[in-house]
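Please look over the entry below before reading my comments.

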Amino acid sequence: MMDRFAALALESSLRAAIVIGAAGIVASLLRRRSAELRHLAWLAALLATLAMPALLVLAPRWTVPVLPAPSSVRSSTSLAVATGPAPDGSLAPIDSGRRQQPSRDPFLIAWLIGCVVLLAREIASRRRLARLCAGSRFSVRLHASLRSVMNELGVSLRVRIRVSPRIPVPLVFGTLRSTMLLPDAAEGWDRACLRRVLLHELAHVRRRDTLWITLAHAVRGLFWFHPLVWVAVIRMRQESEHACDDWVVRSGERPSDYAETLLFVAERAARLRSSMAMLFVTRSGVESRILGLLSPRRDVRALGTAPRIVFAGSAAMVALVLALMQPVAARASAGHAAPEAPTPEATGSGSHAWLARATKSTRVAAAFRDDAGAPVRILEAGVRLVARADGGETGLTGVEMTLENRDPSRRLTGLRVALDLPHTRDRTECAVDIAPGGRGRLVLEPDQWSAVMPEGDASHLLVHITAARFDRGDAWELAEPALAAPEALAGTSEQPAPAPPAAQAASRSLKAPTPRPPHPGPERSFPSGPALPARFRNPADAPVRITAARTPERDATLGPGETLLPEVHLENRSGHRVVAVKLRFKAAPESHSVTVYSTTIEPGATAILWRDFAMQGRAEAMTAQVVGVRFENGEVWGSMDSLIDARDAWVAPLTNEPR
């Protein structure tokens, strides 16, 4: 999968192509207008390109439903876990015998190489100009001519003039303080020719062309792989020369006389190249400049302050809209959908500010158990405890475990971790990488597991391993057809669990979902046999909605009283990319399954999720509901925490009506 940097570069390049293409169209439409206006169009496009990555990262998106309705995209998720670290659980091997190698992105490396090459080119150009300036000398005649021209025009500019025997044509450079460098022969030029040359170079200084060229080269250095950026830089420099030519003509010089001066200097021009300097004339560009000067329809009028502001503001607005606009699929007509009944917020949609405080909270030891025959041993377990997390209740998150792979010949690649509390039974799958006989540390991030509960329940968290997968494809699983309450399990823990509180008279036996064993072969697809439609209900404000759900009617591997999780069709109706969805399934009065799917659903797109996972209940009684959604920017709707008792009622009535 393309990493974030490559994705940002691609999206920035595509949007920059639109901006530069629009600038090209505008410049073409303005070919009869002032060169200053065309120069401003190219400059605005390059500045917008420079700001594009920052806008994409920092600015909010504006969703526009302009794309056709997308087709369903199946997102494959199952209990089988991939080898190596995964975002839902990070593992740092200790003495595993094989060290993790940092990932290297080929695109990032290639981009850095290109940036370094162009940076070296710019540095070499500046050093060459510095050597030319160091070998130059002061000329009294040229200095007096420059001051005379400036006084004549009524301008006051910080510019110095020097003479060098090593250059054939005049040039100007310097971002903060401009330096005008003329060849030795300029001291012998007649007054009229010298005046035209000085007028042109002063125009560059007054227009701050050296600054704009520096910024344009910065854009080219960052987007060196983008051909349109190179085109925009070239066109901007060309229009800069045309704009300075117009300034010379507006200063009282006849176009024909100025054209003769261009030819006179061009005949003496050699192949002097400097990307950081503004050359008076080049052999390749003199023809187009002369033709432009002699055109009777050429517009040489100056661009006033008001038109500049209006044009620059319009260009900035267009660039901002292109950067913020996020095209999404247009929604289907709501005429065929049943009216949505008002429903309350999803359970657990309260404040999650306590998770931000979790990193500063105290880590306490957590009770754990190692089941007989388990190939993985928990050596240590801890959890972050946050007092008064939500509504005065206690929060648990950030479970950490030190693990030992007891198998002497197989590398451990995946685990199913059980997290049991008095009223919830959570099972979560984690990708790990522990060498045979090695140790490692596993951390469950808050988006994979966190819980809010009464203060008295927090001390009864029990952590243990129920399944393991190895690099050869084989697996181990703990048989747990119907788990007892965690207080009954605590008696076999190698690290004794705290004594449970007295059982309430009205308490009932809780049955947890039964995870299916990891398959030694490829991931199993949804069974091809008959399937029953599952009921579902969408809260009114849910950004991700269930549009269909079905449960396999029969499966030969199921035990008595078990059913598989349903296949769920989801639609992302928000303007943000979804990276995780938490679903709750219920098929029996006293049990449920709460499962987090790590997936990617673009704005307006759909996804089909299914996990090969068994739970207590009947297929015909299956109900489904979205209880939490996590977006790429870190925002959460609903809850990604374990806040629901297995016996809790649904947050709203369910229906078989299509949504």
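The numbered points below go from confidence to helices.

1. This is a predicted model. The mean pLDDT of the protein is 75, and 74% of its residues reach 70 or more.

2. Residues 69-103 have pLDDT below 50, and in the model this stretch makes 92 contacts beyond near neighbours in sequence. Residues 651-659 also stay under 50 in pLDDT. For residues 651-659 the model has 30 contacts beyond four places in sequence.

3. At what angle do helix 4 and helix 5 cross? Helix 4 covers residues 140-153 and helix 5 covers residues 191-206; their axes come within 10 Å and cross at roughly 65 degrees. Angles of 65 to 115 degrees count as roughly perpendicular, so helix 4 is roughly perpendicular to helix 5. The crossing of helix 4 past helix 5 is right-handed.

4. Which residues form this contact? Helix 4 contributes R141, L142, S145, L146, V149, M150, E152 and L153. On the helix 5 side they meet R191, L194, R195, L198, L199 and L202. Sorted by class, the contact of helix 4 with helix 5 holds nine nonpolar residues, one polar residue and four charged residues. As background, residues three or four places apart in an α-helix point the same way, because there are 3.6 residues a turn.

5. Helix 7 runs over residues 227-250, a total of 24 residues. From its first C-alpha to its last, helix 7 reaches 35 Å, close to the 34 Å expected at 1.5 Å a residue. After helix 7 comes G252, which has a positive phi near 110 degrees.

Methods
Residues are numbered from 1 along each chain as its sequence is written. This is a predicted model: local features need pLDDT of at least 70, side-chain atom pairs count only at pLDDT 80 or more; totals for chains, interfaces and linings use all residues. Side-chain values use heavy atoms; hydrogens and water are left out. pLDDT is the predictor's confidence in each residue, from 0 to 100. Contact means heavy atoms within 4.5 Å. Axes are lines fitted to C-alpha atoms, for helices over the stretch in contact, and angles run from 0 to 180 degrees between N-to-C directions. Helices (H or I, at least four residues) and strands (E, at least two) are DSSP runs, numbered from the N terminus. Angles under 35 degrees count as roughly parallel, over 145 as roughly antiparallel, 65 to 115 as roughly perpendicular and the rest as oblique. A crossing is left-handed if the near helix is turned anticlockwise from the far one by less than a right angle, and right-handed if clockwise. Ala, Val, Leu, Ile, Met, Phe, Trp, Tyr, Cys and Pro count as nonpolar, Asp, Glu, Lys and Arg as charged, and the others, Gly among them, as polar. The expected span of a helix is 1.5 Å times one less than its number of residues.
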